[in-house]
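Subject: Structure handover

Hello,

Here is the structure I promised to pass on. Please open it beside this message and follow along.

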Amino acid sequence: WTVRANGLIHSDWFRYYTIYGTAITLLRADKSKLVTIDESRCRRFATADTAGTTEDLAKERKGSRNPSWSVIAVWNSFKLDGRQILILRDVWRKRVGFTDLCRGFEEINRLWPCTFYAENAHFAPAVADALKGKIKIQLVSTEGKKKVERSAELQNLMEAGGLFIPDKNDTWMPTYEAELISWTGADEETADQVDVSSYAAKHCTNPQNVGAWGGVIPVRR
């Protein structure tokens, strides 16, 4: 990935956080401290895109340069000075078939117990059915909108400095950040991490959903 002049998400829109135990310190654009909060004050939920299925793997074998991935993103939601913010805590990103996709949901749920909101497409309905009674998965409609349309709330949230990612993370964070800042909205581009972020931003900033999405995070003893 490279930064593109016509990218829809700008690199200077990202905000960062540090974490020590359950204390999360949100940083301003200049990396100075904005506020420190405890995770128990947040709500946690996950968003998922179950692309990267058998069909997508077949396309890759036929020469597709931009294969889709299955992505699960874990979020903390918190209200600061009257506005909703998102704190990205983890990203699971793989190209897998149905069985391993189910295992991915189970893995994330063990690490981050919460409600999952999955795009109602690809394997998502089958995963929700297979894991019924084990994991709470709610299916989310695309409302017939393209990825660019679905990203409107995400772009607004990020431009206002409302999405925070880890200040130090060499596992999933570089790939996440790179995908977002290289994305121009073209149909052929890989944008699964963009999509799960769009769902999180849309529902987090909708007053009807605040408080309904995610559960209160218990304090770790």
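Below is what was found, starting with the whole protein and then moving to single elements.

This is a predicted model, so local features need pLDDT of at least 70, side-chain atom pairs count only at pLDDT 80 or more, and totals for chains, interfaces and linings use all residues. Residues are numbered from 1 along each chain as its sequence is written, and side-chain values use heavy atoms, with hydrogens and water left out.

**The whole protein**

The protein has 7 helices and 10 strands. Both are DSSP runs numbered from the N terminus: helices are H or I with at least four residues, strands are E with at least two. Of the 221 residues, 50% are buried. Buried means under 20% relative accessible area, exposed means over 50%, and partly exposed lies in between (1.4 Å probe, protein chains only). The accessible surface is about 10900 Å². Carbon and sulfur atoms own 47% of that surface. These areas come from the Shrake-Rupley method with a 1.4 Å probe; for residues, only the protein chains shown count as cover.

Now contacts, meaning heavy atoms within 4.5 Å. Take those between residues at least 6 apart in sequence: 66% join residues at least 24 apart.

**Helix α2**

Helix α2 covers residues 98–111. Its 14 residues should span 20 Å at 1.5 Å a residue, and the end C-alpha atoms are 20 Å apart, which agrees. The expected span is 1.5 Å times one less than the number of residues.

Which residues of α2 are buried? They are L101, C102, G104, F105, I108 and N109. They lie on the same side of α2, because their arc around the axis is only 150°. That arc is taken from the directions from the helix axis to the C-beta atoms. The face turned away from the buried side carries the exposed residues R110 and L111. The cover over the buried residues includes β5 (70–80), β6 (83–94) and α3 (124–130).

**Strand β5**

In β5, 10 of 11 residues are buried. Strands pair if DSSP finds at least two bridges between them. β4 and β5 run antiparallel, joined by 8 bridges. Here F45 stands opposite W75 in β5. β5 and β6 are also antiparallel, over 11 bridges. N76 stands opposite I87 in β6. β5 and β6 form a hairpin with 2 residues between them. In the turn, D81 has a positive phi of about 55°.

**Residue Q155**

Q155 sits in helix α5 (residues 152–159). Is Q155 buried or exposed? Its relative accessibility is 17%, so Q155 counts as buried. Leaving out residues up to four places away in sequence, Q155 touches L8, I9, W13 and V148.

Best wishes
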